[in-house]
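Colleague: I am new to this structure. Could you walk me through how to read its features, one at a time?

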Amino acid sequence: MKGIFITGEGPEGAGKTSILNRLAKEFSDKGYPILLTREPGGISIAEKVREVILDPKNTEMDARTEALLYAAARRQHLVEKVRPALESGAIVLCDRFIDSSLAYQGYARGLGIDEVYEMNLFATQEMMPDATLYFDIEPEQGLKRIEMHKGREVNRLDLEAIDFHHKVCEGYEILLDKFADRMHKIDASGTFEQVYEQAKQTFKEIIRAHGK
């Protein structure tokens, strides 16, 4: 692949979407070939799956069903949008990827990180990100931000009990150790500008390391 595949991860309310949007705009304006996308979603089929997964009314959804739907949406998104962009030399900035499934379904839902990892390697043909920005924040602070941010979509995962959100963070801590070579931890507890400057510096270091 000629491009660079960079993902953004974090618990609910970490602010990663806003940061990634600004990174994409600033570096696009500077002439970098940036493609900003998201999971689940990014393309028509995957956006339809997103609606099903995140619909607050679908409270009866089984954990394995949820994990399989994420993997299916991921596969289509990868084939239809991410791989072609990388082959053309783009820097793909993706809001969530495999690590979300490992932290949310693998650890917090109790399906097993290794089990969900294997299922996703099948879906992606073992493709993993070149680097990941992990936005770290305490669950209570993240959920408080969501409450205050009236324009943000409130999805089914936001409505989980606080224990679930703590488990998500515990899952991510395991992943930070498991994938230490590609995961970069960003302190997301500060102001938007403070977090953005950290993320921007890390992003610059990543693309420099990959020769862009």
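Modeller: Keep in mind that this is a predicted model. Start with a charge over a ring. Arg22 lies over the face of Tyr196, 4.1 Å from the ring centre.

Colleague: Which ring does Arg74 lie over?

Modeller: That of Phe97. Arg74 sits over the face of Phe97, at 5.4 Å from the ring centre.

Colleague: Back to Tyr196. Is Tyr196 buried or exposed?

Modeller: Buried means under 20% relative accessible area. Tyr196 has 0%, so Tyr196 is buried.

Colleague: How many aromatic pairs does the structure hold?

Modeller: Eight aromatic pairs. One of them joins Phe27 and Phe203. Their centres are 4.7 Å apart, with 70° between the planes. Planes over 60 degrees apart count as edge-to-face, so this pair is edge-to-face.

Colleague: Where in the chain are Phe27 and Phe203?

Modeller: In distant parts of the chain. Phe27 belongs to helix H1 (residues 16-29) and Phe203 to helix H8 (residues 192-209). They are 176 residues apart, and the pair links those parts. Phe27 is buried at 2% relative accessible area. Phe203 is buried too, at 0%.

Colleague: Why is the pair of Phe192 and Tyr196 stacked?

Modeller: Look at the angle between the planes. The ring centres of Phe192 and Tyr196 are 6.3 Å apart and the planes are at 5°, so the pair is stacked. The cut-off for stacked is under 30 degrees. Both residues lie in helix H8, four residues apart, about one turn of the helix.

Colleague: How exposed is Phe192?

Modeller: Phe192 is partly exposed, with a relative accessible area of 34%.

Colleague: Which residues form one aromatic cluster?

Modeller: Tyr104, Tyr134, Phe164 and Tyr172. Tyr104 also takes us to helix H4, where Tyr104 is among the buried residues.

Colleague: How many residues of helix H4 are buried?

Modeller: Ten of eleven, in a helix that spans residues 98-108 and is mostly covered. Among the buried ones are Ile98, Asp99, Leu102, Gln105 and Ala108.

Colleague: What do the buried residues of H4 pack against?

Modeller: Both strands and helices. The strands are E1 (4-9), E4 (131-136) and E5 (183-187). The helices are H3 (63-87), H5 (113-124) and H7 (162-178).

Notes
Residues numbered from 1 in each chain as written. Predicted model: local features only at pLDDT ≥ 70, side-chain atom pairs only at ≥ 80, totals over all residues. Heavy atoms only, no water. Phe/Tyr/Trp six-rings, centres within 6.5 Å; stacked < 30°, edge-to-face > 60°. Helix = DSSP H or I, 4+ residues; strand = E, 2+ residues; numbered from the N terminus. Buried < 20%, exposed > 50% of the residue type's maximum accessible area, 1.4 Å probe, protein only. Lys NZ or Arg CZ within 6 Å of the ring centre and 35° of its normal. Contact = heavy atoms within 4.5 Å.
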